[in-house]
Amino acid sequence: PGTGPRRLQVFADLTPEELAQVVQYLRGSLGMPLADAARAKPSDNCIASVDVQLPAKAEVLRFLDAGGARPPREALAVLYFGAQAEPNVTEYVVGPLPAPTYHRDVTVQKYGGKLPYHRRPALPAEYKQIASFFKEQVFPAAPSFMDQVMEYDGASLATVTTAPRGSRSGDRLTWFVMFQNVSGFFLHPVGLEVLVDHSSLDLAQWAVRRVFYNGQYYRDMSELERIYVQGGVRVEKVRRAPRDGDFSSMRPRVPVAVMFPLQYEPQGPRYSVRSNLIIFQAWSFAFGMSVTTGMRLFDIQYNGERVVYELSVQEALSVYGSNCPGGMSTRYMDSSFGIGRYASPLVRGVDCPYSATYVDTHTLREGLNSSRRTAALCIFEQNLGSPLRRHYSNLQSLYYGGMVNSALVLRSITTVGNYDYVWDFIFYQNGAIEGKVQATGYTSSSFFHGNGLQYGNRVWEHTLGTIHTHFVNYKVDLDVGEVKNSLVAHDMAFEVAQAPWNPEQQIERPRLTKKVLDTEDQAAFRLHSVMPRYIYFATNQKNKWGHQRGYRIQIISFPGDHIPEASSMERAISWARYKLAVTRRKEEEPTSTSVYNQNDPWTPTVAFADFINNETITNEDLVAWITAGFLHIPHSEDIPNTLTVGNSVGFLLRPYNYYDLDPSIYSPDGVFFTSEQNFMACEVNPITCLSQTASCVPSLPPFTYDGFQNISRL
């Protein structure tokens, strides 16, 4: 009853019309001018972003399951107030949509106080202002050095920001790293890095606080120029790369040959997409795209029964090492830049199968008008090329039974600076769900000098591929059978026993161990700790065989080490302490982190460690916070791009005694025949008739692409 497309609009992203209504309402109701964020100065007031404000879970369930009133549709607007006496970031809930009449300041309610202005994520306008600062003030302060060493011509350098910005709360000091402005510039460092203080709201007060070049530090560009003219700078001249980047170019080195295999649906898609509702076989769910955290799913049902209320990405974190200042101080928290904002247009036939369904998204971020991202999501059914299950019987009864492993995939790909993250949610016909992320794109690099080999591998003449970690955090609000669940751990232990038929014979046999994890502290598993191999959300309902129905969490991860907890910024990323933490679900704990943590990790706006306070988790509404990651030591095969092979992590949600038997046995994809049947007959074995059902070349739509936008972290 809760799966109709109109009903699931309660989870839907805002439409362009709704976004426009929110902007119009705010501009007319706040009693102050609002600048266009695309051109705003730090001292202006502006709308930074608008996204949907999701209703409380209890309201939604009353509406979906109990015939209650539809919750009001609302938006969450984030505003930067740089023109106020006390500059700050304010969050308003605006509603009801589509014709707003009210706004509520929820900042103090959500965060316990006002949001200091220095915590705000940087707008593209601020990066443009910094670019002008470099061009008009920084580089002209060292004319001889820039001309003779950098060969700077006004456009030959690309600049990449680092983060966080400074070393203590209140700072807004950023190391900017210079690269040759060529294709794949991330692999072309020139050895120059500049620390800019852009904390003042007056652009005229911005200043250079330190300069680094080829292993040496200077007070500012003027000092670098003076010492260079005197012959005191150790120069390492970098050969100017061609515009295509040479070794960093992704241009194929050989001509196109035989076409690679294509996947198609001989009788059309077996799934449907209606508004924000997807239905595939026994699955149904609502989907959306958060500006900050990317793909998110709601009300995931199998055979009409909800198993997950919310499944969403929370954060993607990278911690770098280097002997250059920019690299060694980088801890990117990508939600601050916008995992959904930087969802890139998908290329048909490469990023997703050619015949996939492509979905556009609309966002309002850093402007007064919404923007459309064409083909930001794709949906497709994928034959994984192996059986989901099979058995060949040549003993006693003679038969073959099997089933192709064909699953539904929902995908988006985020390009945040140098890295591309391929985000997948996969739905299998046995009731399992997989969350997976694959990393590709360009590895970040530093200028190779001195003891650089302690921090990575040399991958080109002047390029050090810098060691770094990747951590991704997910929120999984499982509702197994009902809203309230418990967490149960099953594992094994060997016991030594005498053989009942022969007391002199000793047998070492594995036995099942069982434990209910009663508290949040018991359910918080440190990153490298031993965790029970079967850990599952259990309901008090039982299956036919008397077992608690459950869904098991299985994590696929090979992480590096978490930043030491003694670090002054560790609490801001304390979710990464744990591979799994299960807590009571609370409306006031909707996310494991905050976009404001990136620029002030020393006083985190949200500290996940505070969620874990030993509350009981037996028969409660629970949330699993899952962290998966890997250590990346870049090597020569990462040039020009890091490959997805081997760089894939995530988790599985698998039914554990939830059903009375494997539900895929009811799938129409099963194949079965015995030695007594004519397995060449279509009615016995449909695979036999593929030449009739799947012999035609599909009618493929024309190739299109949404073009390019010149956007980056600077």
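Predicted model: local features only at pLDDT ≥ 70, side-chain atom pairs only at ≥ 80, totals over all residues.
Residues are numbered from 1 along each chain as its sequence is written, and side-chain values use heavy atoms, with hydrogens and water left out.

A search of the whole structure returned 41 aromatic pairs (rings of Phe, Tyr and Trp, the last by its six-membered ring, with centres within 6.5 Å; planes under 30 degrees apart are stacked, over 60 edge-to-face and the rest tilted). The pair of Phe 11 and Tyr 309 is edge-to-face, because the ring centres are 5.8 Å apart and the planes stand at 75 degrees. Phe 11 precedes helix H1 (16-29) and Tyr 309 belongs to strand S15 (residues 305-320), so that distant parts of the chain, 298 residues apart, are linked (helices, H or I, at least four residues, and strands, E, at least two, are DSSP runs numbered from the N terminus). Both Phe 11 and Tyr 309 are buried (under 20% relative accessible area; exposed is over 50% and partly exposed in between, with a 1.4 Å probe and protein chains only).A tilted pair is formed by Phe 558 and Phe 630, at 6.1 Å centre to centre and 40 degrees between the planes. Phe 558 lies in the loop between strands S30 (548-556) and S31 (578-584), and Phe 630, 72 residues apart from it, in strand S32 (residues 620-632). Phe 558 is partly exposed at 41% relative accessibility, whereas Phe 630 is buried at 4%.

One aromatic cluster comprises Trp 283, Phe 285, Tyr 302, Phe 427, Tyr 551, Tyr 658 and Tyr 659. Within this cluster, Tyr 658 has Arg 549 over its face, 3.9 Å from the ring centre. The charged end of Arg 120 sits over the ring of Tyr 117, 4.0 Å from its centre (NZ of Lys or CZ of Arg within 6 Å of the ring centre and within 35 degrees of the ring normal).
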